[in-house]
Amino acid sequence: MPRPDTEHQELLRKAPRAPLRRLWEYARPHWRALVAGGVLTFLGGITGLVQPLMAKYVIDALGSGASVSGPILVLLGVVLAGAVIGALGAFVLERTGQSVVLGVRRTLVGRLVRLRVGELDRLKPGDLVSRLTADTTLLRSVATSGITNLFTSAVLLVGGIVVMGVLSPLLLLITLGMVVLVGLLMGIVLPRIGRATQAAQASLGEMGSLLERIFGAFRTVKASSAERAEIARLDESAVESWRRGVSVAGWTALSGTLSMLTVNTSFLVVLGVGGGMVAAGTMSVSTLIAFLLLLFYLMEPISTLVQSATELQTGLAAIRRIDEVTDLDQEDPGRAPTEPASPRPADVSLTDVTFRYHPDLPLVHHGVSFAASGPGLTALVGPSGSGKTTVFSLIERFYDATTGTVRLDGTDVRDWPLEELRSQIGYVEQDAPVLDGTLRTNLTMAAPNATEEQIQEVIRTARLTDLVRRLPGGLENPIGHRGVTISGGERQRVAIARALLRRPRLLLMDEATSQLDAANEGALREVMLAAARDTTVIVVAHRLSTVTSAERIVVLETGRVRAVGTHAELVEHDSLYRDLAAGQLLAPEPAGTDDSREEPTVVSLRE
Ligand SMILES: Nc1ncnc2c1ncn2[C@@H]1O[C@H](COP(=O)(O)OP(=O)(O)OP(=O)(O)O)[C@@H](O)[C@H]1O
């Protein structure tokens with residue numbers, strides 16, 4: 001049976017902390033409700049403790065011929081009050097448990113969404129989702145009733161023991177022997193329950209990751225006829241989770257049964273020894289009955305104690321998994337921009353930038369330097385893997401340069417408040433992702449305050465008018481998970497419209513490598529050129545037509561800037577660029593274009 005991905009678990013396991021302290025940190029904001037719930041539950045329990053003594057009183061009264069109606073009425077009142085107070089306490093605790101979970105989820109949601117991009121590169125989103133949903137649920141009872149039950153049943157147990165000591169020290173000794181036995185038993189069983197729970201939760205996380213993997217490439221999975229293999233993988237994780245769950249169930253059942261068995265055995269021993277004492281005349285019948293009632297009564301706190309300690313293990317296992325997420329690196333958004341960005345196009349520069357994605361990985365950039373001042377179009381070209389998209393990631397500060405400096409308007413991007421930095425930039429990724437939601441929410445997500453007029457304008461500019469007209473709900477039409485209900489070209493235009501709606505001072509465009517039809521390609525180039533009239537536009541160019549329109553072309557090769565110049569200069573002086581431009585790496589203009597400059601031949605380039 002395969003283990004849940006241990007490498008992934010290792011990545012998450014950064015700084016183990018004391019989970020009990022963390023549990024208290026989560027519960028502390030609700031301490032008032034916790035105390036109230038605990039006190040109510042305790043009072044409910046105390047009334048139970050009084051009942052055996054009342055019973056003794058009633059029996060003694062019966063023996064002496066006194067009236068018992070008064071004591072019985074009081075007993076009834078105590079029982080009723082105990083039930084009501086206990087129920088109220090249970091509700092207060094359950095409500096507090098929900099509040100604890102809400103607090104933890106809020107913290108987690110904030111942390112997850114603000115994770116550094118580099119962290120997410122290495123983690124599995126599906127597992128993170130299960131930590132937010134399944135693991136936090138496990139905290140619900142443990143953070144409240146778990147803690148308070150542990151406390152109240154311990155107090156009740158101690159109270160019961162004191163009363164027993166008063167009734168008969170010898171019988172108490174027998175009872176204490178039993179309590180010690182239960183304690184020893186728990187010492188063996190509880191750690192096993194904790195470990196098995198954590199493993200079961202990890203398998204659930206693994207299931208989430210696998211599902212996310214499958215749904216992320218659903219068509220590929222089906223086209224590859226890989227369903228059977230994927231189902232088998234999911235089943236393995238489900239079985240692993242089941243196996244661990246069964247192990248938890250087994251240990252829990254064993255601990256419950258053994259503790260009850262011990263109590264029952266000691267009951268028989270107490271009955272035997274106490275019976276002997278009554279026969280010998282050293283103990284009254286009422287004292288023995290009261291002691292036995294107390295013993296029965298203590299079964300509940302003991303079983304609650306065992307159950308709470310078991311639950312605590314489950315909760316602590318969940319806390320360890322939750323903590324691993326809260327320990328991951330977060331982005332600091334900085335102060336939100338208070339005033340509108342200057343309308344002036346941005347100046348971007350990279351100076352001697354070296355960069356690697358991870359300390360264990362090789363350098364992607366080996367001292368990249370270039371500048372792009374606006375307005376105008378700068379094209380980044382280079383063979384696949386030369387580090388073009390990475391330049392954008394550094395400007396957006398998805399990652400920090402290993403050495404060297406990336407500047408926007410002369411200020412190191414690390415010195416910009418992150419939210420403000422990104423608010424200046426419109427970014428169109430190569431695969432132009434769109435999010436589940438309506439067309440409108442997709443367009444306005446980067447500019448929530450855009451007016452209807454501005455939205456209509458970008459729809460026209462990005463040539464989305466036909467799409468909006470075609471969709472039954474127009475702008476309000478949902479476009480499906482990852483935009484599956486619209487075409488690749490439409491997705492790209494949505495991404496461009498979204499970036500433009502932000503009215504960026506810097507537009508970063510990673511051109512799609514897939515072919516668009518000539519009309520669309522020409523239209524998008526026009527959009528880009530129009531934007532470049534008053535904005536700084538940097539484009540990772542995969543098309544000849546794009547580079548020929550650029551004022552400045554930066555040629556990257558294996559993470560180094562090989563040449564910078566205009567199209568004419570580079571064709572003249574740079575062999576790699578010549579090769580790229582000749583169509584070996586830059587895609588030619590699709591057939592049907594009316595722009596003859598963009599014929600993908602060396603001859604036409606040299607004109
Ligand atoms: N998140 C990442 N983690 C680790 N390595 C990465 C990551 N993203 C990219 N790389 C590696 O960094 C190098 C540069 O990638 P980059 O995407 O910048 O190249 P590119 O020039 O844009 O390529 P293409 O033209 O194919 O899109 C590649 O070798 C790639 O494998």
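Arg 397 is found in the loop between H11 and strand E4 (403-408). In this predicted model, Arg 397 has a positive phi of about 60°, although the residue is not a glycine. Arg 397 has 20 other C-beta atoms within 10 Å and is therefore buried, the threshold for that class being 20 or more. A positive phi in a residue other than glycine is also found at Asp 409, where the value is near 55°. Asp 409 lies in the loop between E4 and strand E5 (411-412). With 19 C-beta neighbours inside 10 Å, Asp 409 counts as partly exposed, because burial requires 20 or more such atoms.

The shell around the ligand receives three residues from H11, the most given by any element. In total, 13 residues surround the ligand. The closest of them are Tyr 357, Ser 384, Lys 388, Thr 389 and Thr 390. Sorted by class, the shell consists of seven polar, four nonpolar and two charged residues.

Helix H2 (residues 19-27) has buried residues at Pro 19, Leu 23, Tyr 26 and Ala 27. Viewed down the axis of H2, these buried residues fall within an arc of 95°, so they line one face of the helix. Arg 21 and Glu 25 are exposed, on the other side of H2. In general, an α-helix has 3.6 residues a turn, so residues three or four places apart point the same way.

Two helix pairs were examined for packing geometry. Packed helices are described by the angle between their axes and the distance between the axes. Helix H7 (residues 169-216) packs against helix H9 (residues 227-279) at an angle of about 170°, and the two axes are 8 Å apart. H7 is therefore roughly antiparallel to H9, since angles over 145 degrees are placed in that class. The residues in the contact of H7 with H9 comprise 28 nonpolar, 13 polar and six charged. In the second pair, the axes of helix H14 (residues 452-461) and helix H16 (residues 488-501) come within 9 Å and cross at roughly 140°. H14 and H16 are therefore oblique to each other. The crossing in which H14 passes H16 is right-handed.

Val 39 lies in H3, which covers residues 31-64. Val 39 is partly exposed, with 15 other C-beta atoms within 10 Å. Between Val 39 and Pro 359 there are 320 residues in sequence and 53 Å in space, C-alpha to C-alpha. Leu 43 is likewise located in H3. The count for Leu 43 is 16 C-beta neighbours inside 10 Å, so this residue is classed as partly exposed. Leu 43 and Ala 81 are 38 residues apart along the chain, and their C-alpha atoms are separated by 9.3 Å. Ile 46 is also placed in H3. For Ile 46, 17 C-beta neighbours lie inside 10 Å, and the residue therefore counts as partly exposed. The C-alpha atoms of Ile 46 and Leu 184 are 26 Å apart in space, with a sequence separation of 138 residues.

Conventions:
Residues numbered from 1 in each chain as written. Predicted model: local features only at pLDDT ≥ 70, side-chain atom pairs only at ≥ 80, totals over all residues. Near = placed C-beta within 6 Å. Helix = DSSP H or I, 4+ residues; strand = E, 2+ residues; numbered from the N terminus. Nonpolar A, V, L, I, M, F, W, Y, C, P; charged D, E, K, R; others polar. Buried ≥ 20, exposed ≤ 12 C-beta atoms within 10 Å, placed from the backbone. Arc of directions from axis to C-beta. Axes fitted to C-alpha atoms, helices over the stretch in contact; angles between N-to-C directions. Parallel < 35°, antiparallel > 145°, perpendicular 65-115°, else oblique. Left-handed = near helix turned anticlockwise from the far one by under 90°.
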